[in-house]
Amino acid sequence: MTSTRGPAAGRTASPATARAINDRLALHLLKDEGPLTAGQLKTLTGLSRPTVADLVERLRAAGLVAIVGESGAERRGPNARVYGIVADSAYVAGVDVRTDSVAVCVADLLGRTLAEASLPVAADADPARTVSGAVALVERTARRAGADRLHYIGVGAPGLVDPATGELDSPAGLPSWHRELAAALHRGLAAPVLLENEVNLAAVAEQRLGAVRDRDTFVLLWLGHGVGAAVVLDRVLRRGASGGTGEIGFLPVPGAAGLPSATGCDGGFHALVGSRAIGELAREHGLCAAPAGGADDAATAEAVLREAVAAGERAAPFLDALAARVALGAAAVSAVLDPGCVVLGGETGRAGGTALAHRVEAQVARMSPLRTEIRPGAVGGTGVLRGAVLTATDAAQNDLFGADQGVFRT
């Protein structure tokens, strides 16, 4: 167990405010540490025994805390009650929206997965039927999880989320139904919908569950069918004035055929490290790759990276060439933000593993005086979905526990 400071050192608060602060502190500890006795809460909060007893009864009366067991069987005297958060006091859902599928996860207030499901979406599917099918999928999954209603729904999708309107601005070429889904989920399930860029949610998952749990500041560089980045500074996700922070695919870089435009990133960084470009680079180095332009470009690039990593020295020239390309984007990020750490995420970023990450780090060190560690992503292909669940869970906890202290921010 970890200790924490007292609730209101050096401040004067009204009795009601002090009770609220103490309750939030206790709930925070129960969430992070798991079930605790009143004695353990007293030690961790620095509160008096009567104050802890009062707050425990308040939280039990509110339905947020319950007795989940007893401790002390190994010693003489009465056993101590163990208190834990009532996980089924709220339910949330995460939704991962792709061009060819929708994935759903329903979780309880502690973020524990209760049910998951997915829906394939054909390229020529009717947009209206796709939206209604996705809403029905979330409804069915919630019922299967035992949720009578959802407190929040987190949704991750490719594109920019306008900070003023909360609406999705999808790039050309992405399905039109992406824009309609969030509003349809809100109407159909009567729950607040938290819409976020998919790469941003993957960064949330990497910080909370994956490769950068020890970092407050980092950049996630997403390498897959598309290319993007998520920026986390001092544990705060930065979105930018128009929601476009991290649109690194548009970065002008040497080696591309031309320059990017306002309507396309084909002349930018994307042209060097997108999945199609990786497939072409693999063919140039004699590695097996499907013809470019197919629907499975991302899967092909991922498979090629895994093959190259397994091949060792035989595929070293390919990995070196790809690392030199990736390093252009990573060095630019380092020069502007100095994050200290860049995570290679997305299908191909993860597939490259430490073999690619170490090569990129060496290349960046030659281009930049700013020390930048490069790590491979660790969460896996469900990173966006996990990030959506975490975001929805944080919002539900803030509602029920109170958010004045910023305890549950992402």
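1. Asp 320 and Arg 359 join their side chains in a salt bridge, with N and O 2.7 Å apart, where the term stands for a side-chain nitrogen of Lys or Arg within 4 Å of a carboxyl oxygen of Asp or Glu. This pair links distant parts of the chain, since Asp 320 lies in helix H10 (residues 316–337) and Arg 359 in helix H11 (residues 346–367), 39 residues apart. Helices here are DSSP runs (H or I, at least four residues), numbered from the N terminus.

2. Both partners are partly exposed, Asp 320 at 36% relative accessibility and Arg 359 at 23%; buried means under 20% relative accessible area, exposed over 50%, and partly exposed in between (1.4 Å probe, protein chains only).

3. The model is predicted, and local features need pLDDT of at least 70, side-chain atom pairs count only at pLDDT 80 or more, while totals for chains, interfaces and linings use all residues. Residues are numbered from 1 along each chain as its sequence is written, and side-chain values use heavy atoms, with hydrogens and water left out.

4. Arg 306 forms a salt bridge with Glu 302, their closest N and O atoms being 3.1 Å apart. The two are separated by about one helical turn, because they stand four residues apart in helix H9 (residues 297–311). Arg 306 is partly exposed at 46%, and Glu 302 is partly exposed at 21%.

5. Glu 373 and Arg 375 also meet in a salt bridge (3.0 Å, N to O). Salt bridges with shared partners join Asp 214, Arg 215, Glu 373 and Arg 375 into one network. Glu 373 is partly exposed at 26% relative accessibility, whereas Arg 375 is buried at 13%.

6. In total, the structure holds 15 salt bridges.
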